[in-house]
Each structure stands twice: as structure tokens, then as C-alpha cells.
Amino acid sequence: MPAEYVAIPWEGGTRARATAPIAAPAGLELRGFGIYVGLDEARADAAGVDLAALVGEVRDALTGIPGAETFASVVLSPEGEAAAPLEVVRTALGEPSVRRPSAPAPSATTGVVVDLARHRVTVDGTPAHLTYREQALLTFLVRNQGAVHDRRALLTAISDADGPDDLSERTIDVYLQRLRRRLTPYSDVIRTVRGRGYRLDPHPDVVVVFPS
């Protein structure tokens, strides 16, 4: 919501009593309103109300007013959600007064840190002692994040490590298995793409420190 737009709760009346005037703060004018309705399917059915029809009726009542524009949203939640329907609706639609828990600050000691400048890898702050080939394989993957690499490409990437004589395309599977074990509990950051190869996608648990 742009900073110059303001939404305020309305404490006016209902049909059963006289409505109260809406007092806008100085410098602001009334441009419209929003009504958040919390009503789940079970309660609507018990009351003999068709939710889809109700939404349509409300919109129809407003579109007959010259210049009135409407936008309707229907909020869904997982089955068995414990939160009250109105709370779910207000949260899903971003009602400004809803308090949202702040995200925890990222910790420098959690996740995988791949320091390409120092050729060092840590997992949750603990050094991961990779072999030369494992380090070469991980370096290639993080430098080419998001791309799928077949075994031949990965073999070429580590062929300079300790000499290529004992390497084969199937050896790559062994090194990938070892590398994933070194990265536990974040081993799933290296993905297998069935029939194509392997890739490492950008991941919030993986921080790459590139040489300056």
C-alpha cells in the first residue's frame, strides 16, 4: 500500500441503527471501502447461504451505482485450519492492522557457506573437510547455479583434480553421494534431474562468497 493511502477501521452503524458519519483525517478524502467477511463453508451451508452467490449479489448491489468499481477475492485455506475465518481473510488479503510475526534474522552460522576465495566450506558453522575433487565439483556447481549438468560435464569439471586416469562417468555418482553427505543436513540442495543430470539451484541455505 503506498504511503499516502490510509485504511482505517470503520465504527459506523448497521441497518438496525443510524449510520455514523465517517470522519477522515485532515488532508484525506474517502475513496471507497473494504469489508472482510469471515464465513466458512460449513457455517454458510448451515445457514442456507451459497457463498459464491452471496459474493455475486454483493457485487451486483454495488455495480448499479454509477462510478462504483468493485474487485472481489475469495480466500482459501488448508482443510482443518484452526484460525478463525475472519483472521484468515484479513491476513490473506493484507489488511493493514493485522500484526504479522517478523521473520527471524538470518544467522551467519547456519546453512552452507561456500567461500570460493579461501576454498573453504562450512556447514552450520562447522568446517566441511572436502577432498580436492569434492571441492572442485561443488565449486563448479555453485558457479553454474540453475543449470543442469550431465555426467560428462561434471567429469570435465573435476578432471584436473589428482589426475583423470581413474575417473569415469559413473564415478561422478560416487563423488556426488560423498558431497551430499558432507553437506548434511542440506544435501538436498544438489538436485537430481531424472534423465538429464544434476543441478544446484540458488537456495536460501547456501551462501556463496565469490573472490573479490
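**Exercise 1. Find which residues form a nonpolar patch on the surface, and give their accessible area together.**

Step 1. Phe33, Ile35 and Val37 form the nonpolar patch.
Step 2. Their accessible area together is about 360 Å². Accessible areas come from the Shrake-Rupley method with a 1.4 Å probe, and for residues only the protein chains shown count as cover.
Step 3. Check the patch rule. Patch residues have over 30% relative accessible area and no salt bridge; like charges are joined within 9 Å, and nonpolar side chains (Val, Leu, Ile, Met, Phe, Trp, Tyr) within 5 Å.
Step 4. Val37 is in the segment before α1 (41-46).

A note on the model: it is predicted, local features need pLDDT of at least 70, side-chain atom pairs count only at pLDDT 80 or more, and totals for chains, interfaces and linings use all residues. Residues are numbered from 1 along each chain as its sequence is written, and side-chain values use heavy atoms, with hydrogens and water left out.

**Exercise 2. Describe the protein as a whole: its helices and strands, their pattern, and the share of buried residues.**

Step 1. Count the elements. There are six helices and six strands. Helices (H or I, at least four residues) and strands (E, at least two) are DSSP runs, numbered from the N terminus.
Step 2. Read along the sequence. The pattern is α-α-α-β-β-β-α-α-α-β-β-β.
Step 3. Look at burial. The protein has 212 residues, and 22% of them count as buried. Buried means under 20% relative accessible area, exposed means over 50%, and partly exposed lies in between (1.4 Å probe, protein chains only).
Step 4. Look at contacts (heavy atoms within 4.5 Å). Among contacts with a separation of 6 or more, 50% come from residues 24 or more positions apart.

**Exercise 3. Work out the strand order of the open sheet and the sense of its pairings.**

Step 1. Write the order. Four strands form the open sheet, as β3-β2-β1-β6, with mixed pairing. Two strands pair if DSSP finds at least two bridges between them.
Step 2. Take β1 (residues 112-115) with β6. They pair in the parallel sense over four bridges. Val112 has Val206 as its bridge partner in β6. Asp115 stands opposite Val209 in β6.
Step 3. Take β1 with β2. This pairing is antiparallel, over four bridges. Here Asp115 has Arg120 of β2 as its bridge partner.
Step 4. Helix α4 (residues 132-143) lies across β1, β2 (120-123) and β6. Its angle to β2 is about 85°. Axes are lines fitted to C-alpha atoms, for helices over the stretch in contact, and angles run from 0 to 180 degrees between N-to-C directions.

**Exercise 4. Locate the backbone features at His119, Asp124 and Pro185.**

Step 1. Start with His119. This residue has a positive phi of about 55° although it is not a glycine. His119 lies in the loop between β1 and β2. That hairpin has four residues between the strands. His119 is exposed, at 58% relative accessible area.
Step 2. Go on to Asp124. Its phi is near 55°, a positive value in a residue other than glycine. Asp124 sits in the loop between β2 and β3. With a relative accessible area of 34%, Asp124 is partly exposed.
Step 3. Finish with Pro185. A cis peptide bond joins Thr184 and Pro185, with omega about 10°. Pro185 is in the loop between α6 (169-182) and β4 (190-193).

**Exercise 5. State how many salt bridges the structure holds, and examine some of them.**

Step 1. The structure holds five salt bridges. A salt bridge is a side-chain nitrogen of Lys or Arg within 4 Å of a carboxyl oxygen of Asp or Glu.
Step 2. Examine Asp173 and Arg151. Their side chains meet at 3.0 Å, N to O. The pair links distant parts of the chain: Asp173 is in helix α6 and Arg151 in helix α5 (residues 151-158), 22 residues apart. Asp173 is partly exposed at 21% relative accessibility, and Arg151 is partly exposed at 26%.
Step 3. Examine Asp40 and Arg43. This salt bridge spans 3.7 Å, N to O. Asp40 is partly exposed at 29% relative accessibility, whereas Arg43 is exposed at 53%.
Step 4. Examine Arg199 and Asp201. Their closest N and O atoms are 2.8 Å apart. Arg199 is partly exposed at 24%, and Asp201 is partly exposed at 22%.
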